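Subject: Structure handover

Hello,

Here is the structure I promised you. Please open it first, then read my notes below.

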Amino acid sequence: MVLSDQKPVSESPLVLQEIDEPKAAAGELRVKVNACAVCRTDIHIVEGDLDLHQKPLVPGHQIVGRIDEIGAGATQFRRGERIGIAWLRHVDGSCRFCRRQQENLCPNSRYTGYDTNGGYAEYAIVPQEFAYELPDDFDDEHVAPLLCGGLIGYRALEKAALPENGRLLLVGFGSSAHIITQVAVHRGHKVYVLTRSDNHIHRARELGAAWASSDFRDLPEKADSAILFAPSGRLVPPTLESLDRGGICSIAGIHLSDVPGLNYDRHLYQERQLRSVTANTREDARALLAEATAIKLQTHVTIYDLPDANRALLDMKVSDFRFVFVPHSALRLPHSLTFRFPEFQLSAFVCLPCKFSSASWRWSFFLLAVWSHSPPLRNRPTLPVFSVSQPPMDNRSFFAMRASSTPSARRAVSRGG
Ligand SMILES: [Zn+2]
Ligand SMILES: [Zn+2]
């Protein structure tokens, strides 16, 4: 899916295009993409909140795939290995920031799906130094959101410098907050969540939040630290006001609307601090993947087929939950069941990733979809599949779609590079 002109996601800015297959240059790896999670930063790039660094551009920077081509001199991985590709993909290694373990601040850094093509495609390229081994405990779709949503939240949590058994306020409850709630609760912190959505309030409580509401005024006590996930500057003053003495607010977004004027006494005095968070280091990524494995972290994702990228971005903008694209080639068709009759087909489909978690298995069910179109389906070379299964822990639907699997659509799937 290629972006040529930045415009609102409601105007379908991403176009399905065939582009040349990328080649792995020296020191690089090429992966066949199995999944690419959607990030709010993608929306900022697509809509023009961030200037385009490359045009046309294939976005996407939370990529999971298997290595299918290895460039000269790249010896750290083997063909067929599964790796993750995240936002940071290059630093100079020599500036004063790199030398003091702050490579995320390197002025010569480059980013996946921004400075080079990303993962909304069948193939993606990464320098081997910026490829991550992924824990076997997670399948492709459920590990993908850790590669940015998880990472930026993880770094924001470190920057929030919570004391032991601290009280953490999360403002906004999207992909990052969903992940960081689990990490913070597991570390013994008390988590408070502020979010507009009733679904998210419900979800936050399920994940162990001690309090979740849509109104700052209901907060039961001051927090030691806060992380602002919502990209809204007007939320900065009330977040600072919710902090106890010495409290720290870290801002997790790459983009924030203007912050209104602050009142020194109400918002900053008593050594309260406001911090931004910029990208992540490779060490952050390794630490998060290790901790996610240790605490059996759960991500719940909605899966879209790659050509539905515009709709996924639009849905994310509205609901701010986790979405993952799956290229056609990676769809797990063995998990659909099809009955063929002369004039129609009956299909059932279940999400494989959720099926294997014991809780979801109890609740998963098949939705049967029936087609009886003309021309008769038996003459069609491919079968469109639409499926829904019930998620394990809340009432939000985990759904996977494959509504456009016509031969022409399959041919038109773009190739990143
Ligand atoms: Zn540097
Ligand atoms: Zn991101």
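Two strands pair if DSSP finds at least two bridges between them. Helices (H or I, at least four residues) and strands (E, at least two) are DSSP runs, numbered from the N terminus. This is a predicted model: local features need pLDDT of at least 70, side-chain atom pairs count only at pLDDT 80 or more, and totals for chains, interfaces and linings use all residues. Residues are numbered from 1 along each chain as its sequence is written, while chains are lettered from A and ligands numbered from 1 in the order in which they are written.

Start with the sheet. Six strands make an open sheet, in the order β12-β11-β10-β13-β14-β15. Their pairing is parallel. The edges are β12 and β15 (273-276), each with a single partner strand, so one side of each has no neighbour in the sheet.

Strands β13 (residues 223-228) and β14 (residues 243-251) run parallel and are joined by five bridges. Alanine 226 sits opposite cysteine 249 in β14.

Next, helix α6. A residue is buried if 20 or more other C-beta atoms lie within 10 Å of its own, exposed if 12 or fewer, and partly exposed in between; C-beta atoms are placed from the backbone. Which residues of α6 are buried? In this helix (residues 198-206), they are His200, Arg203 and Ala204. Seen down the axis of α6, they fall within an arc of 100° (taken from the directions from the helix axis to the C-beta atoms), so they line one face of the helix. The face turned away from the buried side carries exposed Asp198 and Glu206. The buried residues pack against α5 (175-186), β11 (190-194) and β12 (211-213); contact means C-beta atoms, placed from the backbone, within 7 Å. Glycine 208 follows α6, with a positive phi near 110°.

Now some backbone details. Lysine 55 and proline 56 are joined by a cis peptide bond, with omega about -5°. Proline 56 is in the loop between α1 (40-47) and β4 (63-70).

Asparagine 165 is not a glycine, yet its phi is positive, about 50°. Its loop runs between α4 (149-159) and β10 (167-171). Asparagine 165 is exposed, with 10 other C-beta atoms within 10 Å.

Lysine 296 also has a positive phi, near 50°. Lysine 296 lies in the loop between α9 (282-294) and β16 (302-305).

Best wishes

Conventions
Contact = placed C-beta atoms within 7 Å.
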